[in-house]
Amino acid sequence: MRLRRKFFPRSLRDIGCFLMMFIFIPITFVFEITVVLPDFHDQSSAIYILTCLLGLFLLFNLQANMLACMLVDTSARTVLLTPPSNERQRQYWRYCSVCEMLAPPRSWHCSICDTCILKRDHHCSFTGSCIGHKNHRYFVFFLLYLVIGATYATIYNSIYFWWLHAATYVNWLTLVKIVFPMFMLCFDVSWQNFYLLIYMLNVIASAYSMVLIAYHTPYIMRGAKDCEKHAQRYDQGVRRNLVTVLGKRMKLAWLSPFVESELPHDGVHWENVMDDTEKHR
Ligand SMILES: [Zn+2]
Ligand SMILES: [Zn+2]
């Protein structure tokens, strides 16, 4: 597996989104185990320890999958590109005038990453990198753990703010602070306002990641990539489509990005998949 040498996000928007996510996730973890959870469970109880361990698992997988998305090079330059000799199959290849090369089917040029990406899905601002054939797995697990982590934190935080500490937080000013947390922090730097900022970011992260997972899952199930025309050519059935993204050891791959899960396809010669799909029809 080849790693990107220049993996740090390039555009201003990407740098902002990446830093916010990279800093916000560990801060949320510390906030939950030091401020919120002790109000729910005794710190020596089994449920407190179990919840902390689950939080650590989520924190590790979120950060590690995020870094894996950034580090794994999924550009077309990582593989030996040999267009098929068959004229009918070669029609799916295209010439990229920026990279000055014949690029395989399903690849696309990203102007931010400045290269052609194998089976390009989309450019992800939170990782500052393109999601394509070789790092799609890490993106899927990053999103999945973001939904679980942010929703879990939002539920705990909602009870903490609106019920356990209702006397402090339930007033009209809290609503203003939730809607304009940065504005309030500028005028009134306090732990209370900082906690509300974390709460609001968690609510947004939970809602946004749910929308993203609802958007991406049908594409993955159908073997398609984002906004792909004629995607039915690559539909091999749900199980094989999942293996194409998550690898041959997908039953273990969710544990950690360090678990090896070899991809069954090279991300270049999709003609084989198309021929296979046609045979099964
Ligand atoms: Zn290109
Ligand atoms: Zn890109």
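His 216 has its place in helix H8, where helices (H or I, at least four residues) and strands (E, at least two) are DSSP runs, numbered from the N terminus. This is a predicted model, in which local features need pLDDT of at least 70 and side-chain atom pairs count only at pLDDT 80 or more, while totals for chains, interfaces and linings use all residues. Residues are numbered from 1 along each chain as its sequence is written, and chains are lettered from A and ligands numbered from 1 in the order in which they are written. The chain holds 11 helices and six strands, and its C-alpha atoms fill a box of roughly 75 × 40 × 30 Å, taken along the principal axes.

**Burial and contacts in the chain**

- Of the 281 residues of the chain, 32% count as buried; a residue is buried if 20 or more other C-beta atoms lie within 10 Å of its own, exposed if 12 or fewer, and partly exposed in between, with C-beta atoms placed from the backbone.
- Among contacts between residues at least 6 apart in sequence, 58% join residues at least 24 apart, and two residues are in contact if their C-beta atoms, placed from the backbone, lie within 7 Å.

**The largest nonpolar core**

- The largest nonpolar core has 46 residues, of which Cys 69, Phe 139, Phe 142 and Leu 146 touch the most other members; such a core is a set of buried Ala, Val, Leu, Ile, Met, Phe, Trp, Tyr and Cys residues joined through C-beta atoms within 7 Å.
- Two or more residues of this core come from each of helix H1 (12–36), helix H2 (46–71), strand S4 (115–117), strand S6 (129–131), helix H4 (136–164), helix H8 (191–221) and helix H9 (238–246), and the largest share, 13 residues, is given by H4.
- Leu 146 touches Leu 62, Ala 205 and Ser 209, if residues up to four places away in sequence are not counted.
- In soluble globular proteins, nonpolar side chains tend to be buried together.

**Helix H4 against helix H8**

- The axes of H4 and H8 come within 8 Å and cross at roughly 145°, where axes are lines fitted to C-alpha atoms, for helices over the stretch in contact, and angles run from 0 to 180 degrees between N-to-C directions.
- His 216 is partly exposed because 19 other C-beta atoms lie within 10 Å.

**Helix H2 against helix H4**

- The axes of H2 and H4 come within 8 Å and cross at roughly 150°, so the two helices are roughly antiparallel to each other, a description given to angles over 145 degrees, while those under 35 count as roughly parallel, 65 to 115 as roughly perpendicular and the rest as oblique.
- The crossing of H2 and H4 is left-handed, and its contact residues include Leu 62 and Cys 69 of H2 as well as Phe 139, Phe 142 and Leu 146 of H4.
- The residues of the contact of H2 with H4 divide into 12 nonpolar, three polar and no charged.

**Helix H9 and its end**

- Thr 244, Val 245 and Leu 246 are buried in H9, and what covers the buried residues of this helix includes H4, H8 and helix H10 (250–253).
- H9 is followed by Gly 247, whose phi is positive, near 95°.

- His 122 is found in strand S5 (residues 122–124), and it counts as partly exposed because it has 16 C-beta neighbours inside 10 Å.
- His 122 touches Ile 131 and Asp 226, not counting residues up to four places away in sequence.
- Most residues other than glycine have a negative phi.
- Glu 100 has a positive phi of about 55° although it is not a glycine; Glu 100 sits in the loop between strand S1 (94–96) and strand S2 (101–103) and is exposed, with 7 other C-beta atoms within 10 Å.
- Lys 119, also a residue other than glycine, has a positive phi near 40°; Lys 119 lies in the loop between S4 and S5 and is buried, with 25 other C-beta atoms within 10 Å.

Terms used. A crossing is left-handed if the near helix is turned anticlockwise from the far one by less than a right angle, and right-handed if clockwise. Ala, Val, Leu, Ile, Met, Phe, Trp, Tyr, Cys and Pro count as nonpolar, Asp, Glu, Lys and Arg as charged, and the others, Gly among them, as polar.
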